[in-house]
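Subject: Structure handover

Hello,

Here is the structure for your files. Please open it alongside this message, as my notes follow it residue by residue.

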Amino acid sequence: MRHGLNLVAGLALLVGLAACDANQVYEKNQELDKAVWTVQEKPTFEFDIQDTTQRYDIYFNIRNESMYGYYNLYVKHTLLDPSGKRMSQLLHQMLLMDPQTGEPRGQGSGDIFDHQFLALRQQKFAQPGTYRVVLEQYMRQDQLPGIMAVGVRVAKAAE
């Protein structure tokens with residue numbers, strides 16, 4: 001039951017923070033079945049861009065349990081334009097815990113922690129339309145327990 005309360009509190013916090021941000025264009029998180037991210041599972045996030053004169057920051061959201069077995073998480077992203085053409089593909093290392101002390105980073109309490117990492121800064125989109133970001137876990141095991149949810153946030157970049 002405590003696990004469920006922590007999950008609800010974490011979701012409420014993210015929704016509350018998102019509601020206060022006028023620069024936010026898109027944010028969505030996808031729960032992972034049984035808090036395990038498999039290699040085959042590649043969450044895809046679609047968002048619309050209409051203002052091509054604006055630059056955007058793209059963040060990745062990660063929710064993990066404290067029992068997650070590593071201090072870091074490697075995630076590969078693929079950004080696709082409205083025609084399906086690949087715009088970028090990069091590997092990101094995200095530190096979920098302090099490598100020295102093992103103390104969890106991010107927001108949370110108990111055994112659930114939420115992280116938001118700036119992945120693509122000042123991204124420019126050439127044409128209006130629907131863009132897609134595909135996320136893949138890039139660790140050395142097929143099943144990665146302890147990752148509860150992943151997501152993408154797109155916001156107008158500061159001038």
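Tyr 26 is buried in this predicted model, with a relative accessible area of 14%. Phe 47 is buried too, at 1% relative accessibility. The rings of Tyr 26 and Phe 47 form an aromatic pair. The pair is tilted, with 5.8 Å from centre to centre and 40° between the planes. Tyr 26 sits in strand S1 and Phe 47 in strand S3 (residues 44-49), so the pair ties together parts that are 21 residues apart in sequence. Six aromatic pairs are found in the structure. Ring pairs also build a cluster, made up of Tyr 26, Phe 47, Tyr 56, Phe 125 and Tyr 131.

Next, the core.

Phe 47 turns up again here. The largest nonpolar core counts 30 residues. Phe 47 is among those with the most contacts inside this core, along with Trp 37, Leu 73, Leu 135, Ile 147 and Val 152. Which strands supply at least two residues each? They are S3, S4 (55-65), S5 (72-80), S8 (112-124), S9 (129-137) and S11 (147-156).

Val 152 is worth a click. Neighbours within four places in sequence are left aside here.

Now the charged residues.

Side chains of opposite charge can pair when their charged atoms come close. A search of the whole structure gives six salt bridges. Three of them are described below.

- Arg 153 with Glu 27: the closest N and O atoms are 3.9 Å apart. Arg 153 lies in strand S11 and Glu 27 in strand S1, so this bridge ties together parts that are 126 residues apart in sequence. Arg 153 is buried, with a relative accessible area of 8%. Glu 27 is partly exposed, at 22%.

- Arg 63 with Glu 31: the closest N and O atoms are 3.8 Å apart. Arg 63 lies in strand S4 and Glu 31 in strand S1, so the pair joins parts that are 32 residues apart in sequence. Arg 63 counts as buried, at 3% relative accessibility. Glu 31 is partly exposed, with a relative accessible area of 40%.

- Arg 105 with Asp 98: the closest N and O atoms are 3.8 Å apart. Arg 105 is partly exposed, at 33% relative accessibility. Asp 98 is partly exposed as well, with a relative accessible area of 22%.

What links Glu 31, Arg 63 and Asp 114? A network of salt bridges does.

Last, a loop with two backbone angles to look at.

Lys 34 lies in the loop between strand S1 (24-31) and strand S2 (36-38). Phi of Lys 34 is near 60°, which is a positive value in a residue other than glycine. Ala 35 lies in the loop between S1 and S2 too. Ala 35 is not a glycine, yet its phi is positive, at about 55°. Are these residues buried or exposed? Lys 34 is exposed, with a relative accessible area of 72%. Ala 35 counts as buried, at 12% relative accessibility.

Best wishes

Definitions and conventions
Residues numbered from 1 in each chain as written. Predicted model: local features only at pLDDT ≥ 70, side-chain atom pairs only at ≥ 80, totals over all residues. Heavy atoms only, no water. Helix = DSSP H or I, 4+ residues; strand = E, 2+ residues; numbered from the N terminus. Buried < 20%, exposed > 50% of the residue type's maximum accessible area, 1.4 Å probe, protein only. Phe/Tyr/Trp six-rings, centres within 6.5 Å; stacked < 30°, edge-to-face > 60°. Core = buried A, V, L, I, M, F, W, Y, C linked by side-chain atoms within 4.5 Å. Contact = heavy atoms within 4.5 Å. Salt bridge = Lys/Arg side-chain N within 4 Å of Asp/Glu carboxyl O.
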